[in-house]
Amino acid sequence: MNETTRSNASQSFVATERELGPGFFATREVAFVRGAGALLFDAEGRRYVDCGAAYGVASLGYAHPALVEALTRQARQLGSCTPVFANDQRARYLAELREVLPAGLERMFLCNSGTEAIEAALKFARLTTGRPGVVACMRGFHGRTLGALSATWDRKYREPFAPLVPGFVHVPYDDLEALRAALTGDVGAVIVEVVQGEGGVRPGSAEFLRGAEELCRERGALFVLDEVQTGFCRTGKLFALEHHGLAPDLLCLAKGIAGGFPMGAVALGARVAALPLGSHGSTFGGSPLACAVARATLRTILEEDLAARVADTGAWLFERLRPLERIERVREIRGLGLLVGIELRERSAPFIERLLERGVVALAAGPTVLRLLPPLVITRDELEEAVTAVEEVLA
Ligand code: PLP
């Protein structure tokens, strides 16, 4: 293949998606066709160090042998099975997930994405409490379906679709007094992230998160934790709630749960009412395929002690990044584990583009934050390569 036909391959995929896609994705100039571990390869065979993990879903990187094996084996066995009938993979996954969840979360609803998990949690909270109010946080992101979007804060996502679900209010994140004031008698749920991801990589304080949980108990609202981005070792613990000893009534999970296969889950605590027959459902949710891959993901996470590895690699990464705070355009570096935000004094998008040109995939988190969200299996050498590039484009 000569240079011209090579570059035409990528360009033509990009052009086709721009022409035939829905038009609302800010599509970039690269077409990825293959991945291995934390590396991605474009249609021209160029190698990239991935610090995006497809927005956190590719927790075990790409083409992980355990996932490939589980997926192909289950595809030959039984791909689909409605939850109306029991299934070996689903039953085993429910039991295995229950085993690693914090005490008190006894039942699980399996679905297909983060926004579906949030949507379900909001419905379960309303069914339980009979109260329509929901308190969420400024800069919070919970998804884009109408219920989840009502909890999401950013006006640019919300306003075009108003009116949204009534009863949602947003208080400043990490401000317990504001939460106390907003938690009136008609509030059935408080929904928070342990670390705000899309909103700029902002870890919440133990005082705020524990205080929010206590206030919910006091006032009869359910405490909903959105661990869609932080769950499954992203922050150096299996669940980020472990950093603060939190005990949510509803725990929402997705992204890394099945190593890249679409899946979500809500874990339900004892304060959640028995859910009446037919009150919720999902055609695809909890398919044997998804459950088989989720089982392989969880097994790999536990066998390889990925939580400890992420804690270690994350600590190293922060040390490595710390000197970058001396660069004039860098305002602050924040994060937990392998969820890292470099806040700039200017827009982050041009730097993210320059990184892509240098073979590093990074993400934004709001207008001024450059986010690193690599596959959890990334090696130090790969991270070093990425950080060197970050240093060079920022300096
Ligand atoms: N909640 C959080 C914290 C998220 O980061 C996201 C997605 O980025 C969602 C919910 C929505 O998940 P999904 O895109 O799978 O619907």
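Helices (H or I, at least four residues) and strands (E, at least two) are DSSP runs here, numbered from the N terminus. This is a predicted model, with pLDDT of at least 70 needed for local features and 80 or more for side-chain atom pairs, while totals for chains, interfaces and linings use all residues. Residues are numbered from 1 along each chain as its sequence is written, and side-chain values use heavy atoms, leaving out hydrogens and water.

**View 1. The shell around the ligand.** Ser113, Gly114, Thr115, Phe141, His142, Gly143, Glu193, Glu198, Asp226, Val228, Gln229 and Lys255 surround the ligand, each with a heavy atom within 4 Å of it. Sorted by class, that's two nonpolar, six polar and four charged residues. Nonpolar here covers Ala, Val, Leu, Ile, Met, Phe, Trp, Tyr, Cys and Pro; charged is Asp, Glu, Lys and Arg; the others, Gly among them, are polar.

View 2. A ligand nitrogen atom sits 2.7 Å from a polar side-chain atom of aspartate 226. A ligand oxygen atom is 2.8 Å from a backbone N or O atom of threonine 115, and for lysine 255 a side-chain N or O atom is 2.9 Å from an oxygen atom of the ligand. On its own the ligand has 390 Å² of accessible area, and the protein covers 81% of that (Shrake-Rupley method, 1.4 Å probe).

**View 3. Helix α11 against helix α13.** The axes of α11 (residues 306-321) and α13 (residues 380-394) come within 11 Å and cross at roughly 25 degrees. Axes are lines fitted to C-alpha atoms over the stretch in contact, with angles from 0 to 180 degrees between N-to-C directions. So α11 is roughly parallel to α13 (angles under 35 degrees). The crossing is right-handed, meaning the near helix is turned clockwise from the far one by less than a right angle.

**View 4. Helix α3 against helix α10.** Here α3 (residues 65-77) and α10 (residues 288-303) pack at about 155 degrees, axes 9 Å apart. The two are therefore roughly antiparallel (over 145 degrees). α3 also passes α10 in a right-handed crossing.

View 5. Most residues other than glycine have a negative phi, and most peptide bonds are trans. Alanine 54, in helix α2 (residues 53-56), has a positive phi of about 50 degrees. Alanine 162 and proline 163 are joined by a cis peptide bond, omega about 0 degrees; proline 163 is in the loop between α7 (155-158) and β6 (168-171).

Key:
Polar contact = N/O pair within 3.5 Å; in protein donor to acceptor, adjacent residues only side chain to side chain. Parallel < 35°, antiparallel > 145°, perpendicular 65-115°, else oblique.
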